[in-house]
Amino acid sequence: MNAAVYREFGGPEVLRYEAMPTPEPAEGEVLVKVLAVAIDYIQLHIRHGGSGRIGSSQEAQYGVKDPPHIPGGMACVEVVALGPNTTGVEVGERHLVGGVRPGSYVEYGVVDAEDLQPRSDERPGPTAYPQSFMPEQAAAFDYAPVAYHTLKIAAGLRAGETVLIHAAAGGTGVLAVQLAKHFGARVIATAGSEAKLQLAHKLGADVTINYRTEDFVPATLEATDGRGVDVVWESVGGEVFTRNLDCMAEGGRMVSFGSNSFTGTGHIDFLPFWVKNLKLIGWGGVSNAQSRAPEIMEELIALAQAGKLKPVVRHVYPFAEAAEAHRLIEERQSIGKVVLTP
Ligand SMILES: NC(=O)c1ccc[n+]([C@@H]2O[C@H](COP(=O)([O-])OP(=O)(O)OC[C@H]3O[C@@H](n4cnc5c(N)ncnc54)[C@H](OP(=O)(O)O)[C@@H]3O)[C@@H](O)[C@H]2O)c1
């Protein structure tokens with residue numbers, strides 16, 4: 001089989017497409033054919049040799065390891081063979097899974113059968129996705145639980161509140177805009193181009209700000225009559241992280257769950273936290289049992305099937321062009337999720 005792999009840390013160009021042995025499923029494992037993989041932003045950090053906080057003692061938990069390395073990421077897969085004495089899974093089943101080995105950018109990989117087991121109560125399990133979705137849409141849908149958790153559980157977004165969503169036309173941002181509207185919030189969206197803002201507006205954003213032509217801080221304050229927002233959905237880091245504090249209302253919450261700027265969050269001045277009673281909530285992913293709990297999956301799948309939660313997939317690349325796909329994201333040209341297929 002073939003896989004996209006890098007043998008040294010570096011820019012997108014280190015990703016190569018190489019032949020390698022097809023893995024054999026052992027007892028308790030299944031062989032899967034990978035149908036589509038959504039590129040996870042963290043894979044860019046890992047490919048560069050860090051998680052955006054190089055030197056952090058917690059870096060190991062982000063999976064940074066010495067190359068050669070096949071990137072991971074959530075994949076829509078089809079079961080094609082079972083390992084010896086493996087039960088509870090049928091050939092032909094399709095799932096949305098992480099943990100494909102030796103990585104996700106592969107034609108074939110192995111997965112633990114126990115990760116694919118259906119729930120005994122027939123409610124949707126963590127690997128479920130809307131059955132009408134093509135594999136590319138399914139892979140992009142995987143970020144819906146991330147958007148749900150960060151907005152609703154972590155930041156506690158409520159109906160009638162105002163939320164500031166950065167990178168609103170990104171793979172996760174498009175889902176966050178739609179979910180925030182579903183939760184009854186008013187959405188102020190920022191993005192770096194008019195095409196991105198048009199998309200955010202089409203998906204329901206009430207106010208859009210092109211931060212390249214307009215300072216998002218006064219624009220956000222103006223859009224809230226000077227009050228500021230109740231919630232900031234923050235995955236940019238660096239200066240944006242710090243300046244968000246100036247856009248927050250009394251008692252506002254900011255959920256931080258990424259660092260697209262590769263800068264981390266830098267120094268945090270606590271004065272605005274005291275003056276305005278602000279809350280900062282970190283979200284680094286939670287267990288499948290929490291983020292893909294059946295009630296969350298039911299709500300997300302029902303919304304998707306009703307056409308009210310649409311992943312955006314405008315860029316699909318074959319694994320052989322994984323370097324171009326990574327470059328597109330790194331150059332901030334992507335809109336929605338970038339997806340790889342065999
Ligand atoms: N904690 C977790 O478990 C978890 C899970 C999934 C995702 N995440 C995080 O969620 C975030 C969104 O992920 P995603 O895959 O959906 O990515 P994405 O939003 O599609 O990322 C790309 C976009 O980020 C925007 N961006 C804003 N400021 C940027 C900057 N300084 N440098 C580069 N890009 C910038 C760009 O759009 P503009 O042109 O609009 O600026 C760019 O097109 C990432 O930080 C990711 O790590 C976290």
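Select Asn-85 in this predicted model; the residue sits in the loop between β4 (75-82) and β5. Although Asn-85 is not a glycine, its phi is positive, at about 55 degrees. Most residues other than glycine have a negative phi. Is Asn-85 buried or exposed? Asn-85 counts as exposed because 9 C-beta neighbours lie inside 10 Å, and the limit for that class is 12 or fewer.

Continue to Pro-102, which is placed in the loop between β5 (94-97) and β6 (108-112). Display the backbone here: the peptide bond joining Arg-101 and Pro-102 is cis, with omega about 15 degrees. Most peptide bonds, by contrast, are trans.

Next, select residues 322-330, which form helix α11. Which residues of α11 are buried? They are Ala-322, Ala-325, His-326 and Ile-329. These residues lie on the same side of α11, because they cover an arc of only 95 degrees around the axis. An α-helix has 3.6 residues a turn, so residues three or four places apart point the same way.

Just after α11 comes Arg-332, in the loop between α11 and β14. Arg-332 is a residue other than glycine, yet its phi is positive, near 65 degrees. With 13 other C-beta atoms within 10 Å, Arg-332 is partly exposed.

Now colour the chain by domain. The domain assignment gives domain 1 as 2-142 + 311-341 and domain 2 as 144-282. How far apart are the C-alpha centres of domain 1 and domain 2? The distance between these centres is 28 Å. At the contact between the two, 13 residues of domain 1 meet 14 residues of domain 2. The side of domain 1 that touches domain 2 consists of 7 nonpolar, 3 polar and 3 charged residues.

Show the ligand and select its surroundings. The shell comprises 28 residues, of which the closest are Gly-170, Gly-192, Gly-258, Ser-261 and Gly-285. Divided by class, this shell holds 11 nonpolar, 14 polar and 3 charged residues. Domain 1 and domain 2 each supply at least three residues to the shell around the ligand.

Gly-184 belongs to the loop between α4 (173-182) and β8 (186-191). Gly-184 is exposed, with 11 other C-beta atoms within 10 Å. Its contacts, leaving aside neighbours within four places in sequence, are with Ala-159 and Gly-160.

Finally, zoom out to the protein chain, which has 11 helices and 14 strands. The radius of gyration is 20 Å, close to the 20 Å that the globule rule gives for 342 residues, so the chain is as compact as a globular protein of that length. Along the principal axes, the C-alpha atoms fill a box of roughly 65 × 45 × 35 Å. Of the 342 residues, 46% are buried. Among contacts with a separation of 6 or more, 68% involve residues 24 or more positions apart.

Methods. Residues are numbered from 1 along each chain as its sequence is written. This is a predicted model: local features need pLDDT of at least 70, side-chain atom pairs count only at pLDDT 80 or more; totals for chains, interfaces and linings use all residues. A residue is buried if 20 or more other C-beta atoms lie within 10 Å of its own, exposed if 12 or fewer, and partly exposed in between; C-beta atoms are placed from the backbone. Helices (H or I, at least four residues) and strands (E, at least two) are DSSP runs, numbered from the N terminus. The arc is that of the directions from the helix axis to the C-beta atoms. Domain bounds come from an automatic or database domain assignment. Two residues are in contact if their C-beta atoms, placed from the backbone, lie within 7 Å. Ala, Val, Leu, Ile, Met, Phe, Trp, Tyr, Cys and Pro count as nonpolar, Asp, Glu, Lys and Arg as charged, and the others, Gly among them, as polar. The radius of gyration is taken over C-alpha atoms; the globule rule is 2.2 Å times the number of residues to the power 0.38. A residue is near a molecule or strand if its C-beta atom, placed from the backbone, lies within 6 Å of it.
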